[in-house]
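Please read this briefing alongside the sequence and the 3D view. The points below are grouped by topic.

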Amino acid sequence: MKKHLLFIGLLAISAGGFQSQAEDFFGGRKLLSYTLTDEEYPSEVEEVRFVYNTDAVLEKIQDGHDVVTILRDDPQPGSITITKVDSDYDVTRFELTLNEAGYIVKAVESENGKVEATYTFTYDADGQLINMEKTEPGYSQSVESYAYTWTNGDITAVKMVESEYGDVPETITVTITPSDIENKSSLMLYDAYYGLDIDELEHTYFAGLLGRPSKHLPLEASAYENGNLRKSTCTWTLDDKGFPSKVFIDIDDVIEPYDITITFEWQEFAGVEEIEAAVNAGNARIFGIDGTERTELHKGLNIVRSADGSVSKIMK
């Protein structure tokens, strides 16, 4: 089973609800972009940029020449359509079914009207992803499954099983060690550390559709593959708000060691001063979580409705 399951990856922003606003789970910020530099020969640089609507909901991702669009206004409640258009103008379509919490429980991938794969997702009572299974149809039907172990709010192990019809299943178990760094930004290294191989569906991470994030950022991951130990270690650089500005991932592979560096670009949402100025000018109204209107921002969560009808959530 050839996978870069510990070491190559896109980051997951995961926090709940398909109508989630970015500030709900980014801690008052939004992720504008990240740049991944992969030093494995030949080295590669990948930049991914995120586009939000006026309600701060993620609606588009620019991944190199690929454009991913998230359509949240499907006729059927609890469903979302995602389309990806690549540099050759080929279109991949995903039909997502969500649970009551707004997390994906099923996804059907199709290209040119033909089903390419079906994904199913399972969560625990805390809304954390505990299992994903991917099935590809065909004569030699392929099935991949990923089972996650959570301990005190962090992923500590993942078991990956891959099988094709008539073959003996291949299994890899990865041990994960969390750091003591609080995950204030809700970043999830699902590909880079947690092994989740879901192709173009990876972009649902950033839309808050794959369950609750871990409490801490990861430190180390290790697994034996074909008798060889593969180990990776994260070194995090944080900004003045405790958000990651960079992570350096050292991949200690017996056969081919290499490094990955990922940098993050964050942007603040409207600050307290801007909100209070808008309220004083009559251009915004403040409400508590119980619906009571306020004359000023209170400590804790505040709901702010602007004159244009947009709604945001501000922590003070």
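The protein chain has a mean pLDDT of 81, and 82% of its residues reach 70 or more; pLDDT is the predictor's confidence in each residue, from 0 to 100. This is a predicted model, in which local features need pLDDT of at least 70 and side-chain atom pairs count only at pLDDT 80 or more, while totals for chains, interfaces and linings use all residues. Residues are numbered from 1 along each chain as its sequence is written, and side-chain values use heavy atoms, with hydrogens and water left out.

**Confidence**

- Over residues 1-24, pLDDT stays under 50.
- For residues 1-24 the model has 132 contacts beyond four places in sequence, a contact being heavy atoms within 4.5 Å.
- Where pLDDT is low, the predicted coordinates should not be read in detail.

**Strands and hairpins**

- Helices (H or I, at least four residues) and strands (E, at least two) are DSSP runs, numbered from the N terminus. Two strands pair if DSSP finds at least two bridges between them.
- Strand 9 (residues 114-123) and strand 10 (residues 129-136) run antiparallel and are joined by six bridges. In this pairing, Y123 stands opposite L129 of strand 10.
- The hairpin of strand 9 and strand 10 has five residues between the strands, and G127 takes a positive phi near 80° there.
- Strand 10 is also joined by six bridges to strand 11 (residues 142-151), and the two run antiparallel. Here S142 in strand 11 stands opposite E136.
- Five residues lie between the strands in the hairpin of strand 10 and strand 11, where G138 has a positive phi near 135°.

**Positive phi outside glycine**

- N112, a residue other than glycine, has a positive phi near 55°. N112 sits in the loop between strand 8 (104-111) and strand 9.
- Is N112 buried or exposed? With a relative accessible area of 75%, N112 is exposed (buried means under 20% relative accessible area, exposed over 50%, partly exposed in between, with a 1.4 Å probe and protein chains only).
- S186, also a residue other than glycine, has a positive phi near 65°. S186 is in the loop between strand 13 (170-182) and strand 14 (187-188), and is buried at a relative accessible area of 8%.

**Salt bridges**

- Side chains of opposite charge can pair when their charged atoms come close. A salt bridge is a side-chain nitrogen of Lys or Arg within 4 Å of a carboxyl oxygen of Asp or Glu.
- The whole structure has eight salt bridges.
- R49 forms one with E265, with the closest N and O atoms 3.4 Å apart. R49 lies in strand 3 (residues 44-52) and E265 in strand 18 (residues 258-268), so the pair ties together parts that are 216 residues apart in sequence.
- R49 is partly exposed, at 34% relative accessibility, and E265 is partly exposed at 32%.
- K84 and D66 form a salt bridge through their side chains (3.4 Å, N to O). This pair links distant parts of the chain, with K84 in strand 6 and D66 in strand 5 (residues 66-71), 18 residues apart. Both K84 and D66 are buried.
- E220 and K231 also meet in a salt bridge (3.5 Å, N to O). E220 lies in strand 15 (residues 216-225) and K231 in strand 16 (residues 228-238), so this pair ties together parts that are 11 residues apart in sequence.
- E220 counts as partly exposed at 24% relative accessibility, and K231 counts as partly exposed at 30%.
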